[in-house]
Amino acid sequence: MSLVELKNVVKRYGTNTVLNGVSLTVEKGEIIAIIGRSGSGKSTMLRCVNGLEPIQGGTVAFDGIVVNDPATDLRKLRQHVGIVFQSFNLFPHLLVEKNITLAPKVVKGVPPAEARALAEAVLRKVGLAEKIDAYPDQLSGGQQQRVAIARSLAMQPQLMLFDEITSALDPELVGEVLKVLEEVAREGMTMMLVTHEIGFARKVANRVVFMHEGKIWEQGPAAETLGKPRTPELETFLSAVLH
Amino acid sequence: MIRELSYIDVLYLIAATRWTLALTAIAFMGGGIVGLAIALLRVSSLPPLRWLGAIYVHAVQGTPLLAWLFVFFFGLSIFGFTVSPWLAAAAAYSIYAGAFLGEIWRGCLQAIPRTQWEAGASLGLGFTQQLRYIIVPQALRLAIPPTVGFLVQLIKNTSLAAVIGFIELTREGQLTTATTFRPFTVYLIVAAIYFALCFPLTQWSRRLERRLHVAR
């Protein structure tokens, strides 16, 4: 059974169709890069996977659980699906430690001492062990995004979603975040990432999915798809972003 | 019978202030409970609950507090219920303060970006957990200045309770004026007492706001 299975997903905002019959499967351990113009539906598709976006047609399943079934307990599902946002969305009133330990403590009932150790461990992983007692606004954008990744990792998810996580960063800070991402990838995490970093997608992703006008226009192994686009739309897109 | 204004009158005025304070405390507590419920209804994800909250707020904000005092004190007695001034005032002021506090707090809750709720939801927190650990602590900081601002209004509005028999600060001032015929001096003293109550509150609110801002 695939870890993620989207079948004919349709998403509309009023009369505007954002996803127009999207089908995609993701196997355990796969790293999928989703590329495309803004407005092509790539972020929306990602947000459907953990149920942040209700859909109007088709099905989204994670580990056999139908996400868009009203009877599904989304809280339970989201413990297994982490997401990192473009704008970090750290909790500004909480220390880095509390940002990370809130969900493990409240949702999973991890005892405080254990939670603190967990925070230390995930912060080491993203190279920010010394920032455990800082507030988010004392950190740079790149550091905040690394804390957001650590916060997500602390829930020990089976799947991680990354929604353009370097797009809001100053160019010189992108590298440190991608490095952390690579590290997470190396540990075998299943990942779906919406990105504009084509070079990074080629290097890290197993598969590239190109979205266009609310559809999956083209997909395939990263190097091949990015090296020899089969559709003129992908070719145009690539030549636009690579220059 | 006109007599001289003496320091005893000033003491009476100060003594009457305790009813002003007691009324304010009751109104604020009752209004706080109602207001919290209204604010939560207004940010609920279920439309009927939101409408219920909105109807309440509009109904109360669109009617005078005086009318509510009359309804509870005189209105209910027509139907054979004897209502003490305390009970009538507590009910009327709770209804009134609840609508305004509810609206203030709704604004503060909604001022927290939607992405904060989303971040909480994505980590597996339920609605009440998101509210309790993420939204309310941030909204609280925003809520302090307008809440204290309303509290100051409330202190001054307790004078309306005089119409149902409360002898609080303003009413005591009226009585003193009637016997001494020194309205200017008496009401100046009354105003000074109100000022002495309200001014420290606004100052305290400012300090609190600054401190919470630094400590998050």
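## Chain A

Chain A has 9 helices and 10 strands, where helices (H or I, at least four residues) and strands (E, at least two) are DSSP runs numbered from the N terminus. Its radius of gyration is 18 Å, close to the 18 Å that the globule rule gives for 243 residues, so chain A is as compact as a globular protein of that length. That radius is taken over C-alpha atoms, and the rule is 2.2 Å times the number of residues to the power 0.38.

This is a predicted model: local features need pLDDT of at least 70, side-chain atom pairs count only at pLDDT 80 or more, and totals for chains, interfaces and linings use all residues. Residues are numbered from 1 along each chain as its sequence is written, while chains are lettered from A and ligands numbered from 1 in the order in which they are written.

Of chain A's 243 residues, 48% are buried (20 or more other C-beta atoms within 10 Å of a residue's own, with C-beta atoms placed from the backbone).

## Chain B

Buried residues make up 33% of its 216 residues.

## Where they meet

Here 16 residues of chain B are in contact with 18 residues of chain A, contact meaning C-beta atoms, placed from the backbone, within 7 Å. On the chain B side, α5 (114-122) and α6 (127-157) each supply at least two residues, and α5(B) gives the largest share, 6 residues.

Methods. Contact = placed C-beta atoms within 7 Å. Buried ≥ 20, exposed ≤ 12 C-beta atoms within 10 Å, placed from the backbone.
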